[in-house]
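User: Hi! Could you walk me through this one? I'd like to start with the overall fold and then look at some side chains.

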Amino acid sequence: MGMDKTSVETAAGTEQAGASALEGVSTMGAVRYPVAPGYRVNVRSGPGTQYRIVRTLALDVRVPILCQTTGERVTGPYGTTNIWDNIASGEFISDAYVKTGSDGFVAKRCG
């Protein structure tokens, strides 16, 4: 996805370099990844902008990735991708807005 996604903020807010299998922060058993700073990302009912907006995320939040799927190709602060992250039941955001530490899949495939 073009931009460097190899460092991740920790719960304390500092940056750590490294490429582990899971670049997110574990909170109560669920790994959460930071959404790009300064973006209020629309959460969709499916993996594309043609799907209904379910809600809009607050600024500077972290999201769990329950599973990932392919869908519409989207360009965001972390490059261009067709990967969509399922963050809750019936809720998807483009991986182009999530700092996972990888240009590929970091969670199981949906379905």
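Analyst: Happy to. Helices (H or I, at least four residues) and strands (E, at least two) are DSSP runs, numbered from the N terminus. The protein chain reads β-β-β-β-β-β-β-β-β-β along its sequence, with zero helices and 10 strands. This is a predicted model, where local features need pLDDT of at least 70 and side-chain atom pairs count only at pLDDT 80 or more, while totals for chains, interfaces and linings use all residues. Residues are numbered from 1 along each chain as its sequence is written, and side-chain values use heavy atoms, with hydrogens and water left out.

User: Thanks! What percentage of the residues is buried?

Analyst: Of the 111 residues in the protein chain, 42% are buried. Buried means under 20% relative accessible area, exposed over 50%, and partly exposed in between (1.4 Å probe, protein chains only).

User: Which parts does the pair tie together?

Analyst: Cysteine 67 belongs to strand E8 (residues 67-76) and cysteine 110 to the segment after E10, so the link ties together parts 43 residues apart in sequence. The disulfide is right-handed because the torsion about its S-S bond is about 100°.

User: And cysteine 67, buried or exposed?

Analyst: Cysteine 67 counts as buried because its relative accessibility is 9%. Cysteine 110 has 23%, so that residue counts as partly exposed.

User: Switching topic, how many aromatic pairs are there?

Analyst: The structure holds one. Tyrosine 39 and tyrosine 97 pair edge-to-face, at 5.5 Å centre to centre and 70° between the planes. For the cut-offs, rings of Phe, Tyr and Trp (its six-membered ring) pair if their centres lie within 6.5 Å; planes under 30 degrees apart count as stacked, over 60 as edge-to-face and the rest as tilted.

User: Where do those two tyrosines lie?

Analyst: Tyrosine 39 is in the loop between strand E4 (30-34) and strand E5 (42-44), and tyrosine 97 is in the segment after E10, 58 residues apart. Tyrosine 39 is partly exposed at 35% relative accessible area, whereas tyrosine 97 is buried at 19%.

User: One last thing: what does glutamate 91 contact?

Analyst: Beyond its neighbours within four places in sequence, glutamate 91 contacts Val43, Arg44, Val54, Arg55, Asp85 and Asn86, where contact means heavy atoms within 4.5 Å. Glutamate 91 is in strand E10 (residues 91-94) and counts as buried, at 12% relative accessibility.

Technical notes: Disulfide = S-S within 2.5 Å.
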